[in-house]
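Here are my notes on the model you sent over. Have it open while you read, and go through the points in order.

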Amino acid sequence: MRKTVLIALLLILLPAGHLSAQFATGMQGGAMSGTTGSDSTGSQAETYTLKRYFSSLAHRDTMAIGWSFGGSVLLPGTAQIYNKNYWKLPVIYAGIGGMIGGGIYYNSQFKKTGSESDKLARNLFFIGAAAFYWGQMLDGAVCYRSYRDHLPGRATVYSILFPGLGQIYNREYWKLPIYYGGLAVAGYFWYYNDMQYRRFQKDYNAATTPGGNYEGSMSTDNLQYYRDYYRRFRDYSIVATVLIYLLQVIDADVFATMSTFDVNQSLSMDIQPAVIEPLNCDFTTNYTSVMPTGSAVGVQMHFKF
């Protein structure tokens with residue numbers, strides 16, 4: 001399982017360079033951040049640093065949506081500060097703090113009593129804290145102001161926070177059944193293979209432990225084989241789920257970027273006679289009797305995309 005988790009983390013980190021470069025676009029006023037480049041005036045843009053990040057929070061500089069999203073991941077509420085939605089800060093911190101406090105309280109009660117109601121309350125409070133944390137990141141991306149009508153970085157953040165939301169932002173609704181279907185199938189096999197793995201793991205432990213009371217008819221070798229078989233395919237299902245998730249993130253980013261390209265239907269071809277000048281007249285001795293300059297008559301074609 002550890003090996004699978006490491007593989008999944010590597011798959012998540014692989015497109016990080018591309019996404020961070022994409023996040024550098026979408027600055028308010030056309031300024032660049034997150035990388036060194038040229039601004040709209042053609043001069044060399046200053047590299048976006050941590051100092052500039054805090055300057056942006058003080059509204060003395062602009063900030064790319066990637067930095068805004070990353071800041072809200074590390075410190076909830078920073079995106080709301082940059083967006084000047086100060087009234088949301090008490091809601092965010094009261095929600096996260098209150099939910100965590102309730103979860104800690106009911107967790108201590110559950111340890112004392114072992115009550116299922118305390119366990120359920122603990123889980124609900126911790127889920128509520130995660131929902132407030134997730135909500136402030138999504139709110140920061142939604143309220144981010146940009147000079148561009150369609151921002152690729154926003155589509156990327158949407159897909160990171162909620163699969164398929166980037167495709168909705170790009171108005172590519174037909175892709176939703178593909179990605180949701182893929183995630184559903186991969187999630188189902190993840191659940192099924194994990195359930196079978198736990199079943200054979202339990203039976204194998206019972207068969208190999210003295211006094212384990214194993215009542216099945218399979219040998220320990222068969223139990224070990226099926227345990228390893230389902231564990232391997234459970235790991236494949238986890239990797240498949242992560243790959244589909246990453247694919248829809250990259251898809252949202254790429255097609256949001258391509259939406260700004262000119263893809264009109266003005267494709268044409270023009271054919272006309274032309275005099276072709278050679279690159280080097282020393283190799284055109286065969287034509288000197290006809291055309292002393294070494295030129296030749298031919299046909300040229302012009303394609304317009």
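1. A term to start with: a salt bridge here is a side-chain nitrogen of Lys or Arg within 4 Å of a carboxyl oxygen of Asp or Glu. By that rule, Asp194, Arg198, Arg234 and Asp235 are linked in a network of salt bridges, and the structure holds 9 salt bridges.

2. Some housekeeping. This is a predicted model, where local features need pLDDT of at least 70 and side-chain atom pairs count only at pLDDT 80 or more, while totals for chains, interfaces and linings use all residues. Residues are numbered from 1 along each chain as its sequence is written, and side-chain values use heavy atoms, with hydrogens and water left out.

3. On confidence: pLDDT is the predictor's confidence in each residue, from 0 to 100. The protein has a mean pLDDT of 81, with 71% of its residues at 70 or more. Watch residues 7–45, where pLDDT stays under 50. The model still has 77 contacts (heavy atoms within 4.5 Å) beyond four places in sequence for that stretch. Where pLDDT is low, the predicted coordinates should not be read in detail.

4. The overall layout is 11 helices and 2 strands. Those are DSSP runs numbered from the N terminus: H or I of at least four residues for helices, E of at least two for strands. Along the sequence, the pattern is α-α-α-α-α-α-α-α-α-α-α-β-β.

5. Which residue does Arg198 meet in a salt bridge? Its partner is Asp194, at 2.9 Å, N to O. For burial, read buried as under 20% relative accessible area, exposed as over 50% and partly exposed as in between (1.4 Å probe, protein chains only). Arg198 is exposed at 55%, whereas Asp194 is buried at 17%.

6. Asp194 also forms a salt bridge with Arg234, with the closest N and O atoms 3.2 Å apart. Arg234 lies in helix 11 (residues 220–258) and Asp194 in helix 10, so this pair ties together parts that are 40 residues apart in sequence. Arg234 is buried, at 5% relative accessible area.

7. One more pair to look at: Asp228 and Arg227 meet through their side chains in a salt bridge of 3.1 Å, N to O. Asp228 is partly exposed at 23%, while Arg227 is buried at 12%.

8. Finally, of the 305 residues in the protein, 34% are buried. Among contacts between residues at least 6 apart in sequence, 59% join residues at least 24 apart.
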